Amino acid sequence: MPLVYSAFVPHPPIVVPEIGRGEEAQCSATLEAYREISKNLVEARIETVLLISPHATLLRKGVTLLEEDVICGDFASFGAPQVKLSFLGHRQLTEALASELPEAILHSEKLDHGALVPLYFLMEAGWQGNLVLMSMPMEYPERYGQEIAHTLKVFPERIALIASGDLSHRLKKEGPYGLHPSGPQFDRLIVNSLSGDPSQIQHIPEEMAEEAGECGWRSLRLALAVQEGMPRVLSYEGPFGVGYLVTELYHASPLPPWARLCLETYLKLGNTLGLTPPTEPEFQLRRACFVTLKKDGELRGCIGTTEPWRENLAQEIEHNAIAAGTEDPRFWPVEKDELASLTFSVDVLGEMEKIQSFKELDPWRYGVVVRGRGRTGLLLPHLEGINTAEEQVSIAKQKAGLGLEEPIEMWRFEVFRTFE
């Protein structure tokens, strides 16, 4: 089964109440976001957590994986020996990763604080499951992420990935490592990229990351490579001179699997008459949507509507999934033997809001609809390579067959984007 959930979290022991003894109140945003992540993971019925820690035993090349059948640790090093954690290891997944990942080594050690802190909040939320602990790779984190994604697909249970890491340790003169100009700059780049174009994170200069004194850049890059998602920054703060970021990177949705099933059934049988419509509440909403197909990361088809035309979202997705695979004029119809290599995403559109100027647009938050001379063009938000409202509107005009200087009316809309 592909990954179900992933998140990036910090690991300051001071946020654990038994250690902070009141000081954790200075990290209230981090605490609130941490507990939301933990709650979401529990509600996603996660059976196994793969945790990436920058404080496990690191290798210059390769990664280490904890091979214990029972993985345990405590906060004795931080003055709270009474806080003990214990989880069952997942030997089968651990050995599969050790076999598939480049220069991976199995070894034994106690839990480090990069793992203990996130696990504390998972335990507090009531999570009990299997744990796989892996060190952060120092080189080629995207490659490791892609290999992990491939390995996870053959395991049947619901798996989450938690990437542990702090951002810059050099945010304040009075902080533990002082202030460096690259510290705040590095953190801003990370937060802004997650809210805009996450692919830019891997292109941050290594010299800047080193000057910032970070310990989470590589674990974050690995997590982003495992599964494409629409990251949601829940909190960022640096009260002690270290950047603490909590971000939900990916949350699986039932919408794309339904889109896949509809297209797959249609291609195999020529109709979808035998399908039983989903009954979950999100499918009963009346919303417009777009279904997007990609192959090897490249667009393979995309069809949608700007207004709902059918009884509910389930029917809207069914129609648009089949159309994306068979009617997109930019591509040949999808063949049955291509289905396994396709990825599906579904964008559910919010309400249209008429706007008057580019200043009311943000291409990473809002999609845009332009209308002129009876023609309509639409562009979804959060598209790689489109960074300004001017670019966004220009492409929407081209799609409508309108000249760049022609007068138009504009509407913006938000999108709830879901991935397999």
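**Domain, rings and cores**

Guide: According to UniProt, in an unreviewed entry, the feature "domain: AMMECR1" is placed at residues 250-420. The coordinates themselves are those of a predicted model.

Visitor: Let's look at Ser345. Where is it, and is it buried or exposed?
Guide: Ser345 belongs to strand 13, which covers residues 342-349, and with a relative accessibility of 10% Ser345 counts as buried, because the limit for that class is under 20%.

Visitor: Which residues is Ser345 in contact with?
Guide: Once its neighbours within four places in sequence are left aside, Ser345 is in contact with Pro256, Phe290, Val291, Thr292, Thr418 and Phe419.

Visitor: Switching to rings: how many aromatic pairs are there?
Guide: The count comes to five aromatic pairs. One of them joins Tyr34 and Phe121 in a stacked arrangement, with 4.4 Å from centre to centre and 20 degrees between the planes.

Visitor: And where do Tyr34 and Phe121 lie?
Guide: Tyr34 lies in helix 2 (residues 28-43) while Phe121 lies in helix 4 (residues 113-124), so this pair ties together parts that are 87 residues apart in sequence. Tyr34 and Phe121 are both buried.

Visitor: What about Phe75 and Tyr120, and why is that pair classed the way it is?
Guide: The ring centres of Phe75 and Tyr120 are 6.4 Å apart and their planes stand at 80 degrees, so the pair is edge-to-face; the centre distance is within the 6.5 Å limit for a pair, and the angle is over the 60 degrees required for that class. Since Phe75 lies in strand 4 (residues 70-75) and Tyr120 in helix 4, this pair ties together parts that are 45 residues apart in sequence.

Visitor: Are Phe75 and Tyr120 buried or exposed?
Guide: Phe75 is buried, at a relative accessible area of 0%, and Tyr120, at 6% relative accessibility, also counts as buried. Together with Tyr34, Phe78 and Phe121, these two residues form one aromatic cluster.

Visitor: Which arginines sit over rings?
Guide: Arg221 has its charged end over the ring of Trp217, 4.5 Å from the ring centre, and Arg412 lies over the face of Tyr366, at a distance of 4.2 Å from the centre of that ring.

Visitor: On to packing. Which residues have the most contacts inside the largest nonpolar core?
Guide: That core has 40 residues, and those with the most contacts inside it are Leu41, Ile46, Val49, Phe75 and Leu119. Helix 4 supplies the largest share of this core, with seven residues.

Visitor: What is Ile46 in contact with?
Guide: Apart from neighbours within four places in sequence, Ile46 is in contact with Val4, Tyr5, Leu41, Trp127, Arg158, Ile159 and Ala160. There is also a second, separate core of 39 residues, which includes Val63, Ala104, Ile148 and Ala163.

Visitor: Last topic, backbone: what is phi at Arg21 and Arg373?
Guide: Phi is near 50 degrees for Arg21 and near 55 degrees for Arg373, in each case a positive value in a residue other than glycine. Most residues other than glycine have a negative phi.

Visitor: Where are Arg21 and Arg373?
Guide: Arg21 lies in the loop between helix 1 (17-20) and helix 2, and is exposed at 58% relative accessibility. Arg373 is in the loop between strand 15 (366-372) and strand 16 (375-379), and is exposed as well, with a relative accessible area of 53%.

Terms used. Residues are numbered from 1 along each chain as its sequence is written. This is a predicted model: local features need pLDDT of at least 70, side-chain atom pairs count only at pLDDT 80 or more; totals for chains, interfaces and linings use all residues. Side-chain values use heavy atoms; hydrogens and water are left out. Rings of Phe, Tyr and Trp (its six-membered ring) pair if their centres lie within 6.5 Å; planes under 30 degrees apart count as stacked, over 60 as edge-to-face and the rest as tilted. Helices (H or I, at least four residues) and strands (E, at least two) are DSSP runs, numbered from the N terminus. Buried means under 20% relative accessible area, exposed over 50%, partly exposed in between (1.4 Å probe, protein chains only). A charge sits over a ring if NZ of Lys or CZ of Arg is within 6 Å of the ring centre and within 35 degrees of the ring normal. UniProt positions are given in the numbering used here, feature names are shortened, and annotations may be inferred rather than shown by experiment. A nonpolar core is a set of buried Ala, Val, Leu, Ile, Met, Phe, Trp, Tyr and Cys residues joined through side-chain atoms within 4.5 Å. Contact means heavy atoms within 4.5 Å.
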